Amino acid sequence: MKITYYGHSAFGLEMGGKNLLFDPFISPNPMAAEIDINKIPADYLLISHGHQDHVADAERIAKRTGAGVISSFEIFTWFNQMEIGGHPMNTGGKYTFDFGTVKAVSAIHSSVLPDGTYGANPMGFVIWNDEACFYYAGDTALTMDMKLIPMTCPKLDFAVLPIGDNFTMGYEDALIASDFIGCDTIIGVHFDTFGYIKIDHNEVLKAFAERGKKLILPSVGEVIQL
Ligand code: NI
Ligand code: MN
């Protein structure tokens with residue numbers, strides 16, 4: 001599977017012939033200045049929670065591509081009022097789409113939309129079909145609920161975890177998270193974008209390597225082949 005990193009927590013991939021785009025925060029991100037959001041393909045936008053650094057470009061991309069929003073009922077409804085379609089979910093639920101099955105899982109964080117609208121509970125997603133299974137944690141603390149993922153979902157091929165600390169778990173907790181979810185191939189996101197979440201790449205990479213885990217710290221625009 002080819003995963004394209006668009007900076008912060010934004011990434012896209014193709015699954016079951018559909019383009020999935022996660023948490024598009026690109027045009028306001030100076031680190032992603034070289035990414036042209038008008039060229040990003042999308043059939044579905046998966047939105048973990050309502051914060052600006054996860055929804056900023058969602059409206060524009062959805063209107064250009066006709067992509068539907070998969071998110072909490074409340075965030076889906078907010079986009080639906082802009083005549084953007086999609087599919088409402090809530091944590092604990094799963095639904096099978098034309099590209100695969102999405103399970104909405106717990107995330108410990110907060111969620112309000114940019115205009116102050118209530119964003120309901122934040123969530124992560126476990127997504128699978130016959131080709132692959134992966135977990136995108138969204139913004140979250142380390143939580144014991146992550147232990148439920150291997151009990152309730154197929155074996156993960158990789159996971160996308162926040163590692164920047166301060167607003168989400170840092171890398172030490174992400175290491176424990178990777179034990180909880182039973183997955184040693186991790187793509188780190190939500191780091192370096194703001195001063196509060198700058199990380200020491202060598203220190204973080206070393207900590208994962210010492211535990212025999214593979215951590216990818218993608219650069220903006222990088223295409224990861226997994
Ligand atoms: Ni957030
Ligand atoms: Mn965030």
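These legends go with a few close-ups of the predicted model.

The model is predicted, so local features need pLDDT of at least 70 and side-chain atom pairs count only at pLDDT 80 or more, while totals for chains, interfaces and linings use all residues. Residues are numbered from 1 along each chain as its sequence is written, chains are lettered from A and ligands numbered from 1 in the order in which they are written, and side-chain values use heavy atoms, with hydrogens and water left out.

**View 1. Lys 213 pairs with Asp 179.** Here's a salt bridge (a side-chain nitrogen of Lys or Arg within 4 Å of a carboxyl oxygen of Asp or Glu); by that rule the count comes to seven. Between Lys 213 and Asp 179, the closest N and O atoms sit 2.7 Å apart. This pair ties together distant parts of the chain, 34 residues apart: Lys 213 is in the loop between α6 (201-210) and β13 (214-216), and Asp 179 is in helix α5 (residues 171-181). Helices (H or I, at least four residues) and strands (E, at least two) are DSSP runs, numbered from the N terminus. Lys 213 is buried, at 8% relative accessible area, whereas Asp 179 is partly exposed at 42%. Buried means under 20% relative accessible area, exposed over 50%, and partly exposed in between (1.4 Å probe, protein chains only).

**View 2. Lys 213 also pairs with Asp 184.** In this salt bridge the closest N and O atoms are 2.8 Å apart. Again distant parts of the chain get linked, with Asp 184 in the loop between α5 and β12 (185-189) and Lys 213 29 residues away in the loop between α6 and β13. Asp 184 is partly exposed, with a relative accessible area of 39%.

View 3. As for the network, salt bridges with shared partners join Asp 179, Asp 184, Arg 211 and Lys 213.

**View 4. Helix α2 has a buried face.** In α2 (residues 58-65), Ala 58, Ile 61 and Ala 62 are buried. Seen down the axis, the buried residues of α2 fall within an arc of 100 degrees, so they line one face of the helix; the arc is that of the directions from the helix axis to the C-beta atoms. Their cover includes β3 (18-22), β4 (44-46), α1 (52-55) and α3 (73-80), with contact meaning heavy atoms within 4.5 Å. Just past the helix, Gly 66 takes a positive phi of about 80 degrees.
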